[in-house]
Amino acid sequence: MMIQDTTETIARQVAASLLEVGAIRLRPSDPFTWSSGWKSPIYCDNRLALSYPAVRTYIKNALAERIRQTFPGVEAIAGVATAGIPQGALVADVLELPFLYVRSKPKEHGMGNMIEGKVAEGQKVVVIEDLISTGGSSLKVVDALREAGADVLGMAAIFTYGFAVAKENFVEKNVELLTLSDYAYLLTEASNLNIITEADKISLASWRQSPETWGK
């Protein structure tokens with residue numbers, strides 16, 4: 001099934017859906033602590049969306065349609081382990097394309113594979129990720145695919161925080177990134193759903209500008 005919605009409609013729908021199913025949680029007054037040590041008013045686990053068939057289907061079809069439009073020459077889909085694997089497999093199925101996935105590091109036994117599945121020399125691949133923060137770990141997957149001979153057309157993700165460092169990293173690696181939704185749409189939908197107050201919105205906006213110092 002094709003998604004005929006506009007890019008803005010998709011962005012708003014995805015943001016609202018992720019909030020409604022609890023895949024994204026906002027706690028500006030009781031922040032989370034990330035593994036990096038950053039204090040964060042937001043926690044995102046898009047894997048939770050897989051448990052909701054309507055949300056899962058909308059995201060799957062929206063990703064597939066955006067990839068059709070943006071990367072018409074795509075020949076295979078690659079998921080980023082682990083969260084990008086189920087999303088990538090779903091999208092590959094819709095597009096009727098080969099699927100593979102890439103580990104964060106080579107397997108420590110057997111063949112020692114980092115890439116699972118077949119990748120051919122010059123094969124045009126689009127990488128699927130669920131969430132973009134700094135982009136560092138996601139772009140290591142692009143490096144691995146390029147080293148294996150793949151032609152990486154770009155990356156598609158469900159959501160991005162929109163950090164400046166992520167944009168810089170993708171430009172440096174010459175990787176086109178498309179995302180279904182982002183932090184700005186999230187704040188708008190959270191406000192529309194009365195999940196946050198105007199004061200919360202200001203605090204949340206300031207976090208994205210300087211996440212490493214926010215809350216200190």
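Predicted model: local features only at pLDDT ≥ 70, side-chain atom pairs only at ≥ 80, totals over all residues.

Trainee: OK, helices first. How do helix 1 and helix 6 cross?

Mentor: The axes of helix 1 (residues 7-20) and helix 6 (residues 183-192) come within 9 Å and cross at roughly 60 degrees. Helices here are DSSP runs of H or I with at least four residues, strands are runs of E with at least two, and both are numbered from the N terminus. The axes are lines fitted to C-alpha atoms, for helices over the stretch in contact, and angles run from 0 to 180 degrees between N-to-C directions.

Trainee: And what do you call that arrangement?

Mentor: Helix 1 and helix 6 are therefore oblique to each other, given that angles under 35 degrees count as roughly parallel, over 145 as roughly antiparallel, 65 to 115 as roughly perpendicular and the rest as oblique. On the helix 1 side the contact (heavy atoms within 4.5 Å) is made by Glu-8, Ala-11, Arg-12, Ala-15, Ala-16 and Leu-19, and on the helix 6 side by Tyr-185, Leu-186, Glu-189, Ala-190 and Asn-192. Sorted by class, the contact of helix 1 with helix 6 has 7 nonpolar, 1 polar and 3 charged residues; Ala, Val, Leu, Ile, Met, Phe, Trp, Tyr, Cys and Pro count as nonpolar, Asp, Glu, Lys and Arg as charged, and the others, Gly among them, as polar.

Trainee: At what angle do helix 1 and helix 2 pack?

Mentor: Helix 2 covers residues 53-70, and helix 1 packs with helix 2 at an angle of about 150 degrees, their axes being 11 Å apart. Helix 1 and helix 2 are therefore roughly antiparallel to each other. Thr-7, Thr-9, Ile-10, Gln-13, Val-14, Ser-17 and Leu-18 in helix 1 meet Val-55, Tyr-58, Ile-59, Ala-62 and Arg-66 in helix 2, a contact with 7 nonpolar, 4 polar and 1 charged residues.

Trainee: Which residues of helix 6 meet helix 7?

Mentor: For the geometry, the axes of helix 6 and helix 7 (residues 198-209) come within 10 Å and cross at roughly 170 degrees, and that makes helix 6 roughly antiparallel to helix 7. Tyr-183, Leu-187, Thr-188 and Ser-191 in helix 6 meet Glu-198, Lys-201, Leu-204, Ala-205, Trp-207 and Arg-208 in helix 7.

Trainee: Switching to pockets, what volume does the largest pocket have?

Mentor: The largest pocket has a volume of about 670 Å³. On a 1 Å grid over the protein atoms alone, a pocket is an open set of points where a 1.4 Å probe fits, with protein on both sides within 12 Å along at least five of seven lines, and lining residues have an atom within 4 Å of a point. Grid points are joined across faces, edges and corners, and a volume is the space filled by probe spheres set on the points.

Trainee: Which residues lie nearest its centre?

Mentor: Of the 27 residues that line the largest pocket, Cys-44, Asp-130, Leu-131, Ser-133 and Ser-137 lie nearest its centre. Helix 4 gives the largest share of that lining, 5 residues, and by class the lining has 11 nonpolar, 10 polar and 6 charged residues.

Trainee: And the second largest pocket?

Mentor: The second largest pocket holds about 150 Å³ of space. Its lining includes Thr-160, Phe-163, Lys-167 and Arg-208, and the largest share, 3 residues, comes from helix 5.

Trainee: Last topic, where is the cis peptide bond?

Mentor: A cis peptide bond joins Ala-81 and Thr-82, with omega about 0 degrees, and Thr-82 sits in the loop between strand 5 (76-80) and helix 3 (84-95). The other backbone detail is Glu-96, a residue other than glycine with a positive phi near 55 degrees, found in the loop between helix 3 and strand 6 (99-102).

Conventions
Residues numbered from 1 in each chain as written. Heavy atoms only, no water.
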